[in-house]
Amino acid sequence: MIGIAAAWIFLLLLGGGLALDRVLSNAITRNFDDGQQFVLTSMVAAAEIDDFGEVRLNRPLGDQRFLEPNSGFYWQIAGEGYAPFRSRSLWDRALIVRGGHSDDNIHVYDSNEFPEETIRVAERDIVLPGSPTVWRFQVAQSRDVLDDQIGTLRKTLVRSFALLGLGLIVMAALQTLYGLWPLRSLRQAIAEMRAGRANRIEEHELPDEVAPLVEELNGLLFHNETQAEEARRHAGNLAHALKTPLTVIMNAATAHASDLSETVIREATTMRRQVDHHLARARAVGRRGNVHSRAEVWNSLESVERAVSRLYPDVRFDMDGNKSLSVHVERQDLDEMLGNLIENAAKYGGGSVFVTVGTAGPMAEILVEDDGLGISAEDRDKLFNRGVRLDSSKPGTGLGLAIVRDVAEIYGGSITLEESEDMGGVLARLRLPLAA
């Protein structure tokens, strides 16, 4: 940031300095030329023709430097056929009269006709009364004075702009350091958390400018702690759930029980149900933190319907509602929830399943209905417990609705079982947050 600011300041000051140098140099040069033109006008006003046809000045020019030899201030009047009428400052020299052009207006130019100095010449052609001759009036002045003034100006500009640039760069550096200084405090606060001396960043100790960043960091810490706590709780629950079946298997094996095979199969099935449930919940928790989670409800329904139709070809599936809804859920988790609900409706219903997609406030609402015998109100809540099955005549683990409830709650949704008024069976009402 400091380097970019320094480069930008340098470019701006360089461009501004060059422009200002040109403007002021031109102003000094115009002022210099105006002085010469004033002398030239004074010469023309004082010039007259004498009795011999030569030009003379009826009054001397006021500047004494025109009388001092090689003073750097010169004038000359020249006409064709006449000797040049010169100032005493020229001494034994004469200004060059360049032909081939007419100076009806004042003409100013630089000349190197004197080896020891560069002069700036202002000249004009005048026809004086009483003489047909075209007289060229010339005023010359050494450029040393003009160059000294421009040199002094440029030194002043360079020094001033250098000091200004240094001050601006120092100011930009101080501003940058001051503006980014709160990040040092933030880094120190994070170091305190890493060292275990704090578990949150205190927002009141930091400036308002970094408050949004601190809020997001604290939110991330809370999210990570929540996930870690859930992971520990799931690990404990899984360990506790597996402990009893393992104990039963070990006791049966130690006692050389005659039904050891049946015991192993039964307890292994129980353990598999527990592992499947906790794995599904762990996957949902891990994917919940993705803010870009988004799934199209209708696409997921069509995919699940095709899969379940192959398992239950005699069941009729109908779907209706909003086909453009998207939910803030990973597609894999949405497929798992809808798959469990629709498969249960196909498995335990009377041969017809109807799915409706709609909204309820900020939530998407998916209704899965069947035409089965239904479930009593007191048995509906029991179905959400792991391993509970009301009909053991059909294959299953008793984990489907428990997984649906856990995954829906992880995403901030819900699942309830009700009685279907239209079809007479069970109505599963799944609510999930709408995607932005």
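## The helix pair α1 and α2

A crossing of two helices is called right-handed if the near helix is turned clockwise from the far one by less than a right angle, and left-handed if the turn is anticlockwise. The structure described here is a predicted model. In this model, α1 passes α2 in a right-handed crossing. Of the residues in the contact between α1 and α2, 20 are nonpolar, seven are polar and two are charged.

Helix α1 covers residues 2-46 and helix α2 covers residues 143-194. The axes of α1 and α2 lie 9 Å apart, and the angle between them is about 160°. Angles over 145 degrees count as roughly antiparallel, and α1 and α2 are therefore roughly antiparallel to each other.

## The antiparallel sheet

Strands β4, β3, β7, β6 and β5 form an open sheet of five strands in that order, and the pairing is antiparallel. Which strands stand at the edges? They are β4 and β5; each has a single partner strand, so one side of each is left without a neighbour in the sheet. Strands of a sheet pair through backbone hydrogen bonds, in either a parallel or an antiparallel arrangement.

Strand β7 comprises residues 134-142. Eight of its nine residues are buried, so β7 is largely enclosed by the rest of the structure. β7 pairs with β3 in the antiparallel sense over seven bridges, and with strand β6 (residues 117-127), also in the antiparallel sense, over nine bridges.

Tyr74 has Ala140 of β7 as its bridge partner. Gln138 in β7 stands opposite Gln76, and Glu123 also stands opposite Gln138.

Arg120 is a residue of strand β6. Is Arg120 buried or exposed? Its relative accessible area is 11%. Residues under 20% count as buried, so Arg120 is buried. The side chain of Arg120 is joined to the side chain of Asp110 by a polar contact of 2.8 Å.

Strands β6 and β7 form a hairpin with six residues between the strands. In this hairpin, Gly130 takes a positive phi near 85°.

## Two loop residues with positive phi

Asn70 is not a glycine, yet its phi is positive, at about 55°. Asn70 is located in the loop between β2 (55-57) and β3 (73-79). With a relative accessible area of 49%, Asn70 is partly exposed.

Trp91 also has a positive phi in a residue other than glycine, with a value near 60°. Where does Trp91 lie? Trp91 is in the loop between β4 (85-86) and β5 (107-114). The relative accessible area of Trp91 is 55%. Exposed means over 50%, so Trp91 is exposed.

## The helix pair α5 and α6

Helix α5 is formed by residues 297-311 and helix α6 by residues 331-348. Their axes come within 9 Å and cross at roughly 45°. The helices α5 and α6 are therefore oblique to each other. Their crossing is right-handed.

## The mixed sheet

Another open sheet has five strands in the order β9-β11-β12-β14-β13, and its pairing is mixed. Its edge strands are β9 (316-321) and β13, each of which pairs on one side only. On average, neighbouring strands of this sheet are turned by 20° against each other, direction ignored.

How many bridges join strand β13 to strand β14? Six bridges link β13 (residues 414-419) to β14 (residues 426-433), and the two strands run antiparallel. Strand β12 (residues 363-370) pairs with β14 in the antiparallel sense as well, over seven bridges. Leu430 of β14 stands opposite Ile415, and Ile366 stands opposite Leu430 too. The hairpin of β13 and β14 has six residues between the strands, and Gly424 takes a positive phi near 85° there.

Key:
Residues are numbered from 1 along each chain as its sequence is written. This is a predicted model: local features need pLDDT of at least 70, side-chain atom pairs count only at pLDDT 80 or more; totals for chains, interfaces and linings use all residues. Side-chain values use heavy atoms; hydrogens and water are left out. Helices (H or I, at least four residues) and strands (E, at least two) are DSSP runs, numbered from the N terminus. Buried means under 20% relative accessible area, exposed over 50%, partly exposed in between (1.4 Å probe, protein chains only). Axes are lines fitted to C-alpha atoms, for helices over the stretch in contact, and angles run from 0 to 180 degrees between N-to-C directions. Angles under 35 degrees count as roughly parallel, over 145 as roughly antiparallel, 65 to 115 as roughly perpendicular and the rest as oblique. Ala, Val, Leu, Ile, Met, Phe, Trp, Tyr, Cys and Pro count as nonpolar, Asp, Glu, Lys and Arg as charged, and the others, Gly among them, as polar. Two strands pair if DSSP finds at least two bridges between them. A polar contact is a pair of N or O atoms within 3.5 Å; within protein, one must be able to donate a hydrogen and the other to accept it, and residues adjacent in sequence count only if both atoms are side-chain atoms.
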